[in-house]
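Subject: Structure for your review

Dear colleague,

Please find below the structure that I am handing over to you. My notes on it follow, and I would be grateful if you read them with the model open.

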2 protein chains.
Amino acid sequence: MDDRSLSDQPISTGLQEPSDLQLTDKQWNILDAALAVFTEKGFSAATTSEIARQAGVSEGTIFRHFKTKKDILLAMLVPLIRNTMGPKSVNSLTQMIVKNENLPLREVLLMIALERQEFLTDNQALLRLILTEAQYHPELREVIIGEVAYKSQEQLIRLIEQRQQKGEIRQDLPAWVLVRSFFGMVVVYMLSRVMLTKREAGKDNREEILKIIDLFLNGAAMEK
Amino acid sequence: MDDRSLSDQPISTGLQEPSDLQLTDKQWNILDAALAVFTEKGFSAATTSEIARQAGVSEGTIFRHFKTKKDILLAMLVPLIRNTMGPKSVNSLTQMIVKNENLPLREVLLMIALERQEFLTDNQALLRLILTEAQYHPELREVIIGEVAYKSQEQLIRLIEQRQQKGEIRQDLPAWVLVRSFFGMVVVYMLSRVMLTKREAGKDNREEILKIIDLFLNGAAMEK
DNA sequence: CTAAAAAGTGAGTGATTACTTACATTGTGA
DNA sequence: TCACAATGTAAGTAATCACTCACTTTTTAG
């Protein structure tokens, strides 16, 4: 009925990770429904009665398992970030970096950008919810920064420093400037693609991403 | 009492622009209070009674002037974007571009980045509100894209094409790739600066921005 | 000055909210 | 089989919500 349900989302298996094994089927149903309702309406506009309806349980059952509405949000998002989004992001970066040490930087960056794009389009609604609610729930903000942002940046810095040592890229700029700049170029490209245009996701934009990588590597200035 | 009040915000004069002259003092008070409450709690969690309290009027007065709560939000944000944020952004870009046609691109980009940074730090809360609520109110989204995003991009594209014709920068990349990439580098740098670090805004980061511009112009690759 | 219109008010309005409680059902260990 | 705990539920609960209305005050026009 609801195609944004947790079970259809690429990220869904997150709630079944080790540290969440104590979750029963019913609790999982509730969090599944909560994801759908929260992503559609936002935390404040979502109601516990609608979550109950979509989960197929009574409202009392919800409050048997979760003390407050906010608890539902955090019980859903924090493990999702900590156990799934975070490791998924960081590990795929780590793998791509160590497995392709001898590939040209250009190729590695393309792989990273494409993987990032897939992740972003697959989990659009969820990411929007997380970033929106991070404004109002500091616990969320800390988990995102600590488990995803910081660790991902760390991996990319490793890649850059690896290539700096090989003499492939400039050593007169700190690695974090290169990392954040590349990240910014790619993410803003993808966001503006989604927001400003009607083009379908994942359609023949490999060439465009290659242009951005070209720009990142060779710069905008005319060659002398 | 509330240091986020409209009258203290750099953008505040927006509501007094020509097309809003029909606003009375009381209406202005209400929108001023609405800005404070909406930015603090978000649209859904904000209550009309608190807006009334902060505006120093009764709740009935609010609904005498605005039909619904959503009307308050739009009556506040749409003119703010259309009459102030939009023109301010676009005009300052236009001026910097035409006034400095003979300055090195590096200098012009620095001016643009610094001006952007000032705008962003001065209007942080307001921008957060706008981007958050744009998710749920398509009218807002359209105004932002049409009045700010599209027109700003247009100006930057003009700058890039101007410099492409002068042979200063590469002509084998479409202007929009250069524009969005530069924008992404700068904005993500600023956001990560605000979110990940504790550094005070506007403090000695001129050098860092210059590094980003250097990267944009000359690329990450080792010079051959 | 006056009368009508506009603006302001605070006490409602019914609907809805997150959450509770009293009770029923189910699962479990001996 | 039975006692008891865990789980589930529908009908609450008080609070709060956006919004209205009957009425007073202020502004305006002739």
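The side chains of Arg180(A) and Ser192(B) are joined by a polar contact of 3.0 Å. Please bear in mind that this is a predicted model. Arg180(A) lies in helix H8 of chain A, which spans residues 175-196. Leaving aside residues up to four places away in sequence, Arg180(A) touches Gln153(A) in its own chain, and Val188(B), Ser192(B), Arg193(B) and Leu196(B) across in chain B.

Which side chain of opposite charge is nearest to Arg180(A)? It is Glu208(B), at 6.9 Å. Arg180(A) is thus a buried residue that has no salt bridge. A salt bridge requires the nitrogen and the carboxyl oxygen to be within 4 Å.

The interface between the two chains

In total, 45 residues of chain A are in contact with 46 residues of chain B. The two chains bury about 4,100 Å² between them, and 65% of that area is on carbon and sulfur atoms. Polar contacts between chain A and chain B amount to 19 residue pairs, counting those with both residues at pLDDT 80 or more. On chain A, the elements that give two or more residues to the side touching chain B are helix H1 (25-41), helix H6 (124-134), helix H7 (138-165), H8 and helix H9 (206-218). Of these, H8(A) gives the most, with 14 residues. By residue type, the side of chain A that touches chain B divides into 23 nonpolar, 12 polar and 10 charged residues.

Two salt bridges are counted between chain A and chain B. In one salt bridge, the side chains of Arg170(A) and Asp214(B) meet at 2.8 Å, N to O.

Salt bridges within the chains

Over all chains, the structure holds 20 salt bridges. Several from chain B may be of interest to you.

Arg82(B) and Glu147(B) meet through their side chains in a salt bridge of 3.4 Å, N to O. This pair links distant parts of the chain, with Arg82(B) in helix H4 (residues 69-99) of chain B and Glu147(B) in helix H7 (residues 138-165) of chain B, 65 residues apart. Arg82(B) is partly exposed, its relative accessible area being 38%.

Glu147(B) also forms a salt bridge with Lys151(B), where the closest N and O atoms are 3.6 Å apart. Lys151(B) counts as partly exposed, at 35% relative accessibility.

On chain A, salt bridges that share partners join Lys41(A), Glu50(A) and Arg53(A) into one network.

In chain B, Arg53(B) forms a salt bridge with Glu50(B), with 3.9 Å between the closest N and O atoms. These two residues are three apart in helix H2 (residues 48-55) of chain B, and so are separated by about one helical turn.

With kind regards

Conventions. Residues numbered from 1 in each chain as written. Chains lettered and ligands numbered in written order. Predicted model: local features only at pLDDT ≥ 70, side-chain atom pairs only at ≥ 80, totals over all residues. Heavy atoms only, no water. Helix = DSSP H or I, 4+ residues; strand = E, 2+ residues; numbered from the N terminus. Buried < 20%, exposed > 50% of the residue type's maximum accessible area, 1.4 Å probe, protein only. Lys, Arg positive; Asp, Glu negative; His and termini not counted. Polar contact = N/O pair within 3.5 Å; in protein donor to acceptor, adjacent residues only side chain to side chain. Contact = heavy atoms within 4.5 Å. Buried area = accessible area lost by both parts, 1.4 Å probe. Nonpolar A, V, L, I, M, F, W, Y, C, P; charged D, E, K, R; others polar.
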